[in-house]
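Please look over the protein and the DNA strands shown here before reading on. The report below is meant to be read beside the sequence and the coordinates.

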Amino acid sequence: MRRSVLAGPVLDVAPKLLGTVLRSTSDEGAVAVRLTEVEAYDGPNDPGSHAYRGQTPRNAVMFGPPGFLYVYFTYGMHFCMNVVVGPENKPSAVLLRAGEIIEGVELARIRRGQPAPQKSVLNQVRPGPVNKRPAADPDRDLARGPARLCVALGIGREGNGADLLAKDSPIRLLDGPGYDGVPSTGPRVGLREAADRAWRFWIPNDPTVSPYRPHVPKKRS
DNA sequence: GGAAAGATTTTCT
DNA sequence: GAAAATCTTTCCT
């Protein structure tokens, strides 16, 4: 992945990230995911962006050069991560929402608190009802959703500001072909502002894409 | 200075 | 389907 690829307008760059591989390494091991779902956030022009109202300590990385990781903490318990794109001082970023684990599945399961799949003989011998849908692969959910993606890759606050393009970085966007089909598009998940903008991109029919949830206003007391 | 909402996930009913 | 968990920023008094 070349930095110049990430320097363009966020709506051009975001779909290009689909199918590319994000890999994190630590002393625990390595986990890599193939990105299947992203959302574009266009800095000062986008009421849904963290950078819409200017720079704060939290979003400072968005105001830097492209190719760095912006990690934020939300809902008091979750981390989400973005790839910073666009020219400096144009704080655009791409939220990484979901991916398919292609390396380090065992470590990802441990981080997500999932037991290893049981290879029970009983489950193979006993046929299920004919009309019942096959059970969903539990590994499908390991990185299905932005906070789950961070957990699976072991990314937290310390990942903020990581250089995704440096060869010695613990978190890297790897070279390689991305998704070459036509991405699906739709409104971004969970946003109150600018819900009309179809700035979410995903790989069609991929099971690891997170389910769409519209914004639900909290009741006031 | 305080209240409210949030680019979410899990668990329970 | 609804509620809880609980940090950071924003907005309003």
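## Overall architecture

This is a predicted model, and in it chain A contains five helices and eight strands. Read from the N terminus, the elements of chain A follow the order α-α-β-β-β-β-β-α-α-α-β-β-β.

Of the 221 residues of chain A, 46% count as buried. Among the contacts in chain A with a separation of 6 or more, 65% are made by residues 24 or more positions apart.

Sugar and phosphate make up 56% of the atoms of DNA strand B that come within 4 Å of the protein.

Individual atom pairs involve both base and phosphate. An N or O atom in the side chain of asparagine 82 lies 2.6 Å from a base nitrogen of DNA strand B, while a polar side-chain atom of arginine 112 is 2.6 Å from a phosphate oxygen of DNA strand B. The backbone takes part as well, with a polar backbone atom of alanine 147 placed 2.9 Å from a phosphate oxygen of DNA strand B.

## Surroundings of DNA strand C

DNA strand C is surrounded by Arg53, Thr56, Arg58, Phe73, Tyr75, Gly76, Met77 and Arg157, which divide by class into three nonpolar, two polar and three charged residues. Of the atoms of DNA strand C within 4 Å of the protein, 73% belong to sugar or phosphate, and the rest belong to bases.

A polar side-chain atom of arginine 53 is 2.4 Å from a phosphate oxygen of DNA strand C, whereas for arginine 58 a backbone N or O atom lies 3.5 Å from a phosphate oxygen of DNA strand C.

## Aspartate 42

Aspartate 42 belongs to strand β2, which covers residues 29–42. Aspartate 42 is buried and yet has no salt bridge, since the nearest side chain of opposite charge, lysine 90, is 4.4 Å away and a salt bridge is counted only within 4 Å.

The side chain of aspartate 42 does make a polar contact, at 3.2 Å, with the side chain of serine 92. Leaving aside residues up to four places away in sequence, aspartate 42 touches Val10, Lys90, Ser92 and Trp199.

Technical notes:
Residues numbered from 1 in each chain as written. Chains lettered and ligands numbered in written order. Predicted model: local features only at pLDDT ≥ 70, side-chain atom pairs only at ≥ 80, totals over all residues. Heavy atoms only, no water. Helix = DSSP H or I, 4+ residues; strand = E, 2+ residues; numbered from the N terminus. Buried < 20%, exposed > 50% of the residue type's maximum accessible area, 1.4 Å probe, protein only. Lys, Arg positive; Asp, Glu negative; His and termini not counted. Polar contact = N/O pair within 3.5 Å; in protein donor to acceptor, adjacent residues only side chain to side chain. Contact = heavy atoms within 4.5 Å. Near = heavy atom within 4 Å. Nonpolar A, V, L, I, M, F, W, Y, C, P; charged D, E, K, R; others polar.
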